[in-house]
There are 2 protein chains.
Amino acid sequence: MTHTTPRPGAPSSPDSVRPLRIDSPTGAGVPEWDVEADVVVVGYGIAGACAAIEAARTGAQVVILERAGGWGGAAALAGGFIYMGGGTALQRALGFDDDVENMKAFLTAAMGPGADRAKLDAYCEGSVAHYDWLVDAGVRFKPSFFGEPGWEPPADDGLMYTGGENAAPFTSVAAAAPRGHVPQMSAKKAGEQSAGLMLMTPLSERIAELGVRSEYDVTTRRLVVSADDDGDRVVGVIGTRFGKELTVRARRGVVLAAGSFTYNDAMMRAHVPLLAGRPGSAVEQHDGRAIRMGQAVGADLMHMDAAEVAIHCDPQMMVRGILVNGRGQRFVTEDTYPGRIGQEMALHQGNEAYLVLDERAYEEAGSTVSATPFLRFRPKWVGETVAEVESEAGLPEGSLQATVELYNRHAARGEDPMFGKNAQWLRPLEGNIAVIDLRGRTGGFALGGLRTDPDSRVLHVDGDPVPGLFAAGRCTSGLAAWGYASGASLGDGSFFGRRAGISAAAAS
Amino acid sequence: MTHTTPRPGAPSSPDSVRPLRIDSPTGAGVPEWDVEADVVVVGYGIAGACAAIEAARTGAQVVILERAGGWGGAAALAGGFIYMGGGTALQRALGFDDDVENMKAFLTAAMGPGADRAKLDAYCEGSVAHYDWLVDAGVRFKPSFFGEPGWEPPADDGLMYTGGENAAPFTSVAAAAPRGHVPQMSAKKAGEQSAGLMLMTPLSERIAELGVRSEYDVTTRRLVVSADDDGDRVVGVIGTRFGKELTVRARRGVVLAAGSFTYNDAMMRAHVPLLAGRPGSAVEQHDGRAIRMGQAVGADLMHMDAAEVAIHCDPQMMVRGILVNGRGQRFVTEDTYPGRIGQEMALHQGNEAYLVLDERAYEEAGSTVSATPFLRFRPKWVGETVAEVESEAGLPEGSLQATVELYNRHAARGEDPMFGKNAQWLRPLEGNIAVIDLRGRTGGFALGGLRTDPDSRVLHVDGDPVPGLFAAGRCTSGLAAWGYASGASLGDGSFFGRRAGISAAAAS
């Protein structure tokens, strides 16, 4: 149902993200609104859910428009980590010291260079209260700590190191504290049924209780703006459901919370070419449309090249060996956050890496507990000497030998002056040597997006907020400018999602 | 002089880049135009100059608005290289074989990953004709080749390798051909008076002859758009000159050619944080305003993280030694294009590098001819052994020793299996060793910007051209998605500048 004759300047293509410009939301020639609410939330993942709850709690009438057939988004499929610290109740219960300044110091180093100071400060300062808010909303965290290398806890432990906090170089900038808070889930199965579901389930219950209207199968296509003294004001959205247009008025504000551009190949090639064609930890709805809808009203972008990158290998294996690039050189400390290894490999080493283990390391790793045993790949090359596997793997003659010789010499003294690997994991590699081929074994999701302020207002390229437009989650640039930590995405999505809901409900 | 009462939705801040929306360029309530032309070119650097010439040659009435007090832009201060090939008259006169496919193969590898295939193809296919066009316009190239390592020829030679075409890994993807064409200049003084002046001078003469009107000291602040069936149509610009507003109507099109965002610190922190605060080869007018003016009408961006990076060291020195990172590891072949060394160092090695030379290499380099002898820094550390300088420079114990041992062993055989350095430059480092500290010695300019098509039409985030808006030069994303070659910026600026002028003059 098309309610209006397109004005001159209106888009002709139904796939256009150009806004519909109207004179006023109630004037002549404007859409007949199919749905009206105070706050319209686009996307029912973690950011949208938190926005909806906070907006509804102020008494505002809220509607969520979700493209899929049900709630959840990428969050419900995720490992479920929420990055929080500064001394949360869970950290304290488990005996870990942390404070706001310590958390800021870590995140400044780990999310940078170029991290948004104001958002990072707000996030750290509000983190303890954010944990309490999630618990109050019904998210359960079991007070137990998983302390082994891994992508996630194999069982239902609630806390873990998820950003390399206990590895070089971060141990020299902040006291190590685990900040990966993971909702309790008993029947976990990595990659299929993960703890993200236990984050989204209670939030969806709160949303239902609050009387929020949820509209599924709605693809939001463009914004509706009216002229305002401060510039164009966002007053609604136009979506489609099964090919029919749906016009939705937002009396106070629209919250964009529709995810990343990871599945938009053209955008990936334009902004993150090194990761184009290798999506990970995203859903197909992450086509960047919300970002483009924002751009079409002059919203600014930030850090569009940033990306989370997972390396597909069990950290229990990596930590016990050495990782080398295509020239047989080490390039990262093997006991850091595996996502950091993935970023270094994919973005700085031409997506080429090899894991070198001796027999003892390989066997020890195999006997450990892991949530991701399917990432324990078999060696591609094995030999009795380093020279033998170096040659078989096609590494430059002498390169891996020099690397292992230097590593072993330092490791025998419990030192790693090259990368600062913890002494716990240092031991000379001896006897039979195995090399696991990790070339191309990375994937990830885009971290860049709309530029927002700490109140989740979308900023125009002029620097001022776009009136009526708010955003959070992966359609925005959040905490990470380059680096990453597991839980930072659900973390900034939930934290700034809440702020988006509060700001939108307060807009007039 | 403000001619109009701001409409609702118009910007209140004089610094705003928001467009002025009008109903039609000649209707009621629109500006009294101070200046009218068919084509309005914003910026009188290389892209603007070429656009103006081509537009004027079609018979269109053209005006150039330039922010500085005279023509030239960054181009007039640049080394002057224009990257051209495929068998230009100059290449052929000097006996170098090249063809279009060979040039495409090189640029695809050297400008990527993520290079714009359509623009790259058009550029290579039109390169021979582009050379002839420049010569016809009065740009002179001396038929002599400078074959030594360097940033530019010390004298007035016209051709040079400027992108690592004769170094690994590019020698394995395309036959080496020099493509850096530099206008002849006798009184060259690097960093002060360079050949870019001899590129801009004849072009400015052609522009004057063609009757193009040039308005200096005009800062173009925002676009004027009117509603059109295809969306907002750009019909003019509003600028200021000494605080007074200047309204300029463009009957056919506006060409944005106002340079990069290198001097906009906020944009650099948002897009190229690793290079923020270290501008190079740009002028202060490069504040990204043209990019933001485009964004404000929904124009898309590409490769905003891309950057040219110069390393401040004489290539005659680098090629004779080895470059290592903060862990004493080599990271690039030392005989490649020095700008590639700069990119690898600043963007992939934490901006930390050291040049290691022996006494013979240091002295040999000192006796060579160079256009940049002021970049021959003295060693910070010297010693009788590698171990000694390794310790003094604070590199991990054994790291540089292992690197030199491996390099020397291969070099003695005339091989470099690590990086493929040409045998000509391979010789074991022996005797007294010197280390030059290159930490932080990089600077550069941003390469990202507005997304354009091969006809230099600015593309909306919808993918369609923004009617009436064209762009070229460093306010656009040109050839380089990541890598670079000297001359690529004046190259795509001149080539796509011409196309912008032709497209704008043909617009209706």
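## Basis of the model

The model is predicted: local features need pLDDT of at least 70, side-chain atom pairs count only at pLDDT 80 or more, and totals for chains, interfaces and linings use all residues. Residues are numbered from 1 along each chain as its sequence is written, chains are lettered from A and ligands numbered from 1 in the order in which they are written, and side-chain values use heavy atoms, with hydrogens and water left out.

## Relation between the chains

Chain A is superposed on chain B by a rotation of 180 degrees with 0.0 Å of shift along its axis, at an RMSD of 0.0 Å. The two copies are thus related as by a two-fold rotation axis. Both copies use the same surface, since 100% of the contact residues of chain A recur in chain B. The superposition is by least squares on the C-alpha atoms of residues with pLDDT of at least 70 in both copies, and contact means heavy atoms within 4.5 Å.

## Two open sheets in chain B

Strands here are DSSP runs of E with at least two residues, numbered from the N terminus; two strands pair if DSSP finds at least two bridges between them. One open sheet of chain B consists of four strands in the order 14-15-17-16, with antiparallel pairing. Its edge strands are strand 14 (322-324) and strand 16 (381-383), each of which pairs on one side only. On average, neighbouring strands of this sheet are turned by 20 degrees against each other, direction ignored; the axes are lines fitted to C-alpha atoms, and angles run from 0 to 180 degrees between N-to-C directions. Strand 16 of chain B is joined to strand 17 (residues 433-437) of chain B by three bridges, and the two run antiparallel. Within strand 17 of chain B, B:Ile433 is the bridge partner of B:Gly383.

Another open sheet of four strands in chain B has the order 4-7-6-5 and mixed pairing. Strand 4 (82-83) and strand 5 (145-146) of chain B stand at its edges with a single partner strand each, so one side of each has no neighbour in the sheet. Strand 4 of chain B runs antiparallel to strand 7 (residues 180-181) of chain B, with two bridges joining them. B:Tyr83 has B:Gly180 as its bridge partner in strand 7 of chain B.

## Strand 9 of chain A

Strand 9 (residues 219-226) of chain A is mostly covered, with eight of its eight residues buried (buried means under 20% relative accessible area, exposed over 50%, partly exposed in between, with a 1.4 Å probe and protein chains only).

Strand 1 (residues 20-22) of chain A runs parallel to strand 9 of chain A and is joined to it by three bridges. A:Leu20 has A:Val224 as its bridge partner in strand 9. Seven bridges connect strand 9 of chain A with strand 10 (residues 233-241) of chain A, and these two run antiparallel. In strand 10 of chain A, A:Ile238 is the bridge partner of A:Arg222.

## Cysteines

A disulfide is a pair of cysteine sulfur atoms within 2.5 Å, and by this rule there are zero disulfides over all chains. For A:Cys475, which is in no disulfide, the nearest cysteine sulfur is that of A:Cys50, 14 Å away. A:Cys475 is buried, at a relative accessible area of 0%. A:Cys313 also counts as buried, at 0% relative accessibility.

## A:Asp358

A:Asp358 belongs to strand 15 (residues 354-358) of chain A. A:Asp358 is buried, with a relative accessible area of 1%. Apart from neighbours within four places in sequence, A:Asp358 is in contact with A:Arg427, A:Pro428, A:Leu429, A:Glu430, A:Asn432 and A:Ile433.
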